[in-house]
Amino acid sequence: MDKQGNTVILGVETSCDETSAAVLVNGRELKSHIISSQIKTHQKYGGVVPEIASREHCLHIRNVVSQALTEAGTGFQDLSAIAVTYGPGLVGSLLVGVAAAKAMAYAANLPLIGVNHLEGHIYANFLEHRDLEFPLLALLVSGGHTNLILFRDHLDYEVLGHTRDDAAGEAFDKVARTLGLGYPGGPYIQKAAEMGNPNAFDFPRAMLEPGSLDFSFSGLKSAVLNTLNTAKMKGEVLNTNDLAASFQDAVVDVLVKKALRAIEQLESSTALKTFALAGGVAANSRLRESLEKELDKCKIRFVYPSPALCTDNGAMIAIAGYYRFIAGDYASWKLNAVPGLTI
Ligand code: KG4
Ligand code: ZN
């Protein structure tokens with residue numbers, strides 16, 4: 001706590017290829033937010049190389065944290081707690097953040113808060129929209145996860161659906177790689193799709209069993225690969241922009257339909273107030289527009305974070321950590337990285 005009695009949280013994120021730290025006051029005011037991205041380093045390999053990622057975190061964590069504290073005009077003595085991502089993610093990457101946060105919290109005699117990265121993505125919405133009401137339905141679409149989650153209150157939630165194979169972001173990345181676009185694939189597919197025809201290819205939309213809120217994107221990914229391979233064998237050249245647009249529309253279609261299916265199923269028992277989109281794929285403008293259009297008809301408030309807060313960042317960890325802090329949910333010194341942590 002600082003001299004004015006404010007709750008000041010330092011959030012630390014190192015689960016994948018972003019080293020990030022942020023200082024958040026009273027769960028509202030973002031005093032600083034530093035993100036050191038490794039994308040350029042991994043781009044030449046077409047994906048994240050875990051060993052390189054951990055080494056990069058080791059190199060940058062100190063500077064990122066001290067820059068965040070300096071920019072916020074905060075010292076360790078002003079902090080109320082240190083929040084850190086402990087999973088899911090790459091084990092070596094997570095360990096760097098967890099070890100750093102533990103060392104800082106121990107040395108400064110501060111509480112340590114362990115944050116689930118996936119909760120962090122959803123809580124990113126609370127950074128920009130402070131008056132969000134519950135019940136809240138969240139659609140989390142990241143590189144490794146696709147979930148529909150019902151929040152009845154802060155930190156009180158139930159997972160309604162999850163992916164049975166590839167996550168939405170993973171499908172974007174794999175298809176982009178096959179099309180020879182860059183890494184990470186999502187933004188490149190979006191850009192190519194803007195110049196393509198979404199009706200050029202009729203790709204499958206896996207809706208699974210009637211009523212199911214689970215997701216499956218591996219069939220769609222294979223359909224894109226098969227279309228490309230068949231064309232190659234015939235000596236045909238397909239239009240990349242059309243492929244990207246048709247693929248993107250198939251993903252968006254499934255996500256929107258599943259979201260509407262969940263809303264319909266909850267209708268009789270739960271008066272939903274908010275629908276929150278979260279995770280890296282939440283930056284996709286086609287997905288935002290389609291959800292906006294459909295949710296407008298349902299009269300449920302629709303929110304999503306600004307693009308910089310959709311992908312991995314320390315601010316979302318600071319805000320999720322803030323709610324854990326006020327709930328008194330502190331971690332012990334035994335806190336460890338949990339790469340397969342679920343929500
Ligand atoms: O949430 P995130 O930063 O990392 C994980 O926790 O997994 O999500 C990264 C994912 C990548 O798969 C990336 O391709 C995707 O988010 N992504 C997008 C867009 N921007 C990032 N997917 C579609 N459209 C975008 N504009
Ligand atoms: Zn993430």
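## Ligand 1 and its surroundings

An oxygen atom of ligand 1 lies 3.1 Å from a polar backbone atom of Gly169, a polar contact being a pair of N or O atoms within 3.5 Å. The model is predicted, with local features needing pLDDT of at least 70 and side-chain atom pairs counted only at pLDDT 80 or more, while totals for chains, interfaces and linings use all residues. Residues are numbered from 1 along each chain as its sequence is written, chains are lettered from A and ligands numbered from 1 in the order in which they are written, and side-chain values use heavy atoms, with hydrogens and water left out.

An oxygen atom of ligand 1 is also 2.9 Å from a polar backbone atom of Gly186, and an oxygen atom of ligand 1 is 2.9 Å from an N or O atom in the side chain of His121. Of the 20 residues around the ligand, those that come nearest are His121, Gly143, Asp173, Gly186 and Gln190, where a residue counts as near if one of its heavy atoms lies within 4 Å.

## Helix 5 against helix 6

Helix 5 (residues 168-178) packs with helix 6 at an angle of about 65°, their axes being 8 Å apart; helices are DSSP runs (H or I, at least four residues) numbered from the N terminus, and axes are lines fitted to C-alpha atoms over the stretch in contact, with angles from 0 to 180 degrees between N-to-C directions. That angle makes helix 5 roughly perpendicular to helix 6, a term covering 65 to 115 degrees.

Here Phe172, Asp173, Val175 and Ala176 of helix 5 meet Gly185, Gly186 and Ile189 of helix 6, contact meaning heavy atoms within 4.5 Å. The residues of this contact divide into four nonpolar, two polar and one charged.

## Helix 6 against helix 8

The axes of helix 6 (residues 185-194) and helix 8 (residues 240-266) come within 7 Å and cross at roughly 110°, which makes helix 6 roughly perpendicular to helix 8. Ile189, Gln190, Ala192 and Ala193 form the helix 6 side of the contact, and Asn241, Ala244, Ala245, Phe247 and Gln248 form the helix 8 side. The residues of this contact comprise six nonpolar, three polar and no charged.

## Helix 5 against helix 7

Helix 5 and helix 7 (residues 218-233) have axes that come within 10 Å and cross at roughly 10°, so helix 5 is roughly parallel to helix 7, as angles under 35 degrees count as such. Lys174, Val175 and Thr178 of helix 5 meet Lys221, Val224, Leu225 and Leu228 of helix 7.

Technical notes
Helices (H or I, at least four residues) and strands (E, at least two) are DSSP runs, numbered from the N terminus. Angles under 35 degrees count as roughly parallel, over 145 as roughly antiparallel, 65 to 115 as roughly perpendicular and the rest as oblique. Ala, Val, Leu, Ile, Met, Phe, Trp, Tyr, Cys and Pro count as nonpolar, Asp, Glu, Lys and Arg as charged, and the others, Gly among them, as polar. A polar contact is a pair of N or O atoms within 3.5 Å; within protein, one must be able to donate a hydrogen and the other to accept it, and residues adjacent in sequence count only if both atoms are side-chain atoms.
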